[in-house]
Amino acid sequence: MTIQTTKTTPYGDQKPGTSGLRKRVTVWQQPNYVENYIQAIFDNLEGFSGKTLVIGGDGRFYNDVAIQKAIRIAAANGFGKVLVGQGGILSTPAASHLIRHYKAFGGLVLSASHNPGGPEGDFGIKYNIGNGGPAPEKITDAVYARTQVIDSYKTVDAGDIDLGTIGSQRVGDMVVEVIDPVADYAALMETLFDFGAIRALFASGFRMTFDAMHAVTGPYAHAILEGILGAPKGTVLNGTPSPDFGGGHPDPNLVYCKDMFDLLMTPDGPDFGAASDGDGDRNLVIGKNRFVTPSDSLALLAANAHLAPGYKGGIAGIARSMPTSAAADRVAEKLGIEMHETPTGWKFFGNLLDAGRVTICGEESAGTGSNHVREKDGLWAVLLWLNIIAVRKQSVDEIVREHWATYGRNYYTRHDYEEVDAAIANKLVDDLRAELPRLAGRILADDLQVAYADDFTYHDPVDGSTSARQGIRIGFTDGSRIVVRLSGTGTVGATLRLYLERYEAADGRHDLETQSALGPLIGLADQLTGIKQRTGRQEPSVIT
Ligand code: VG1
Ligand code: CO
C-alpha cells in the first residue's frame, strides 16, 4: 500500500458546534476541506493502529463522496478495519450501537442531522468515541486547534469501495466490511421492548403513521415496524432515504410535520403518529388529539420505562439539557433517583451514562434516549411509547392527562428566530448577560419574582470539567423560566432560541392553549431581550 502525504493549508472555520462540524455542501466541496477535518480528528487520537472505525451517514448529498475519502484516510492513518453501512447508510443511534457492539475504537457519523440537505443544503461530520457517544468538548476543542495549523494529510492511492455489496473488501492493508445497517440495531431493540405486546397491539387494529421524512430511519422503520412488528404496509411514509430528503427539511417539528399533526387531530385519523429527523436520532410523538411536547415525553418515558423489559428493574437517574422543561425533575423526585441538568448537546450525557448514574436522557429538541447507546434515538423513543401503550391499554391522550394529574403540567414552548444577523443576535445575548446582575430578586410583569438570573455553567460531576456560557436562564419563584441561547448547529447567520415554561400544579388547569398559557412570559421575554425590535421580526420562524 502506498501512503501519500499531501500538503494542505488550514481553513479558519472548522470549529465543531453543538453536534460536529456542519457547513454548506459548497463549503465541504472546497479542496481538502473534508481531508483536513478528518486528518485533524485522527491527529488527536492515540492508539488506534489496527483498530476498527465505524463509518456511516444519513444518505444526504455528498455522503457517498465523503465516505470514500474517509475510508482512504483511515487506511493511510493505520486503522485495521472499517465497518460501513450498506449504501453508506447508518442512523446516528445505529452507528453508536455498532461502535459499542463491535468494540470499535470510534466512528465517523456523516450527517447534518435536522439541517436541510441537497447540493445547496448542509453536510456535516461528527466523531464519536469508543463509548459510542459524541466526542466530548476536550476532543472537539483539540480538533479545532489542529485544523488551524494542519499542513498535510494522509491518504492512499486506491479506488472507491463498492458500498452496495455486503461483505469484505480491502483498501491497502485495511479491511472494509460493508454491513447491513439495520440488523444489529433491530436485534438490540428486541432485547429492550416487549415485541410480542407491540405485535398484539398492531394486530388488534391500532393504527400508526410514521414519517421517515425521506431520511435515514426509513429502512429501520420498514424493517422493525412493518416487518418484525407487523404494522400494516403503508404505516411508514417517505421511507426511502434520498440525497435531498425529497426536497423537504428533515426536522420533525410542527412546521415540517404539519400534515401529520392535522391528520392526528381528525376523528378518523390514526391512533399514533411519529416522525424522525435526518439522521434518526430525534423523535416527534403525536397521539390522537394530543401533541406530546418532547419535554413531557421525556418525563412520561422515564415514569413508565419500567413497563418495558429492558428497564423493568427501574432507572438509575434522569438527565435533561438545561433548556428542557423541568417535567422530568418531578418524576425523578417521586422515584427518588438522581436528576442532572446539562448543557445542550448529547455529548454532555456520555459521562453520566457511562458512570451508571442516569438511564434516560432527553432534550426539548425532540431527542430522547437511554443507556442502550450513547446518542439520542428516535425509533427507540417510538418503540418505548408503543410498549407503554400496549401495556397500559390507554390512548396517548389518557396517558398524558394522567401524568399531569399526578405530577402537574409544565406548559412549555420554544420560539426560534432563524437566520438572524449574527452581530444583532450576539449583541442581544451580550446585553442580556450584562443585565443579569440587576435582575435577581426583582418583581417583573406584576407578579413574577426573579429567583435567579445567570448564564448556565455546567460542572460535570464525573470528570470534573466545566463548561461555561451555556445559555441564559431567568428563573422565577413560581417555577416559571425564560431561557435564551444561540444555536450551535445552524450554518447561516445566527438562530436565536427562546425557551419558555410555566408550572401548573397537579390540581391546577391543564387544558389551556400553550401559547396563551405562556403569554405573559412571552411578553416579558420580549421586553427583556428586545428580540422583535432588534431583529425586526414580528413572529418566530418556528414555534414548537
Ligand atoms: C440543536 C438542539 C440540541 C441538539 C442539537 C443536535 O442544537 O437544540 O438540543 O442536541 O441540535 O441535534 P442547537 O445548538 O442548534 O440548539 V441533531 O438531531 O441536529 O444532531
Ligand atoms: Co439528528
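**View 1. Strands β10 and β12 side by side in the predicted model.** Here's a pair that runs parallel: β10, covering residues 208-211, is joined to β12 by four bridges. Look for D211, which stands opposite A275 in β12. Keep in mind that this is a predicted model.

**View 2. On the other flank, β12 meets β13.** These two strands run antiparallel, again with four bridges between them. A275 turns up here too, with L284 as its bridge partner in β13. Now follow the residues of β12: F272 and A274 point one way, while G273 and A275 point the other way.

**View 3. Zooming out to the five-stranded sheet.** Read across, the strands come in the order β11-β10-β12-β13-β14, making an open sheet with mixed pairing. Which strands stand at the edges? They are β11 (236-237) and β14 (290-292); each has a single partner strand, so one side of each is left without a neighbour in the sheet.

**View 4. The cobalt ion (ligand 2) and its donors.** Four residues coordinate the ion: S113 through OG, plus D277, D279 and D281, each through OD, at 1.9 to 2.1 Å. Along the sequence, the donors follow the spacing S-x163-D-x1-D-x1-D. S113 and D279 link distant parts of the chain, 166 residues apart. You'll find S113 in the loop between β5 (106-110) and β6 (122-128), and D279 in the loop between β12 (272-275) and β13 (284-287). Both S113 and D279 are buried.

**View 5. R485, a buried arginine without a salt bridge.** R485 belongs to strand β25, residues 481-486. What is its nearest side chain of opposite charge? That would be E364, 5.7 Å away. The side chain of R485 does make a polar contact of 2.9 Å with the side chain of Y499. Beyond its neighbours within four places in sequence, R485 is in contact with several residues, including T18, P323, T344, Q470 and T495.

**View 6. T495 and its surroundings.** This residue is in strand β26, which covers 494-504. Why does T495 count as buried? Its relative accessibility is 10%, and buried means under 20%. Setting aside neighbours within four places in sequence, T495 is in contact with D416, Y417, E418 and E419, as well as R485, L486 and S487.

Technical notes:
Residues numbered from 1 in each chain as written. Chains lettered and ligands numbered in written order. Predicted model: local features only at pLDDT ≥ 70, side-chain atom pairs only at ≥ 80, totals over all residues. Heavy atoms only, no water. Donors = N, O, S within 2.8 Å, 3.2 Å for Na, K, Ca; no water. Buried < 20%, exposed > 50% of the residue type's maximum accessible area, 1.4 Å probe, protein only. Contact = heavy atoms within 4.5 Å. Lys, Arg positive; Asp, Glu negative; His and termini not counted. Salt bridge = Lys/Arg side-chain N within 4 Å of Asp/Glu carboxyl O. Polar contact = N/O pair within 3.5 Å; in protein donor to acceptor, adjacent residues only side chain to side chain. Pairing = 2+ DSSP bridges.
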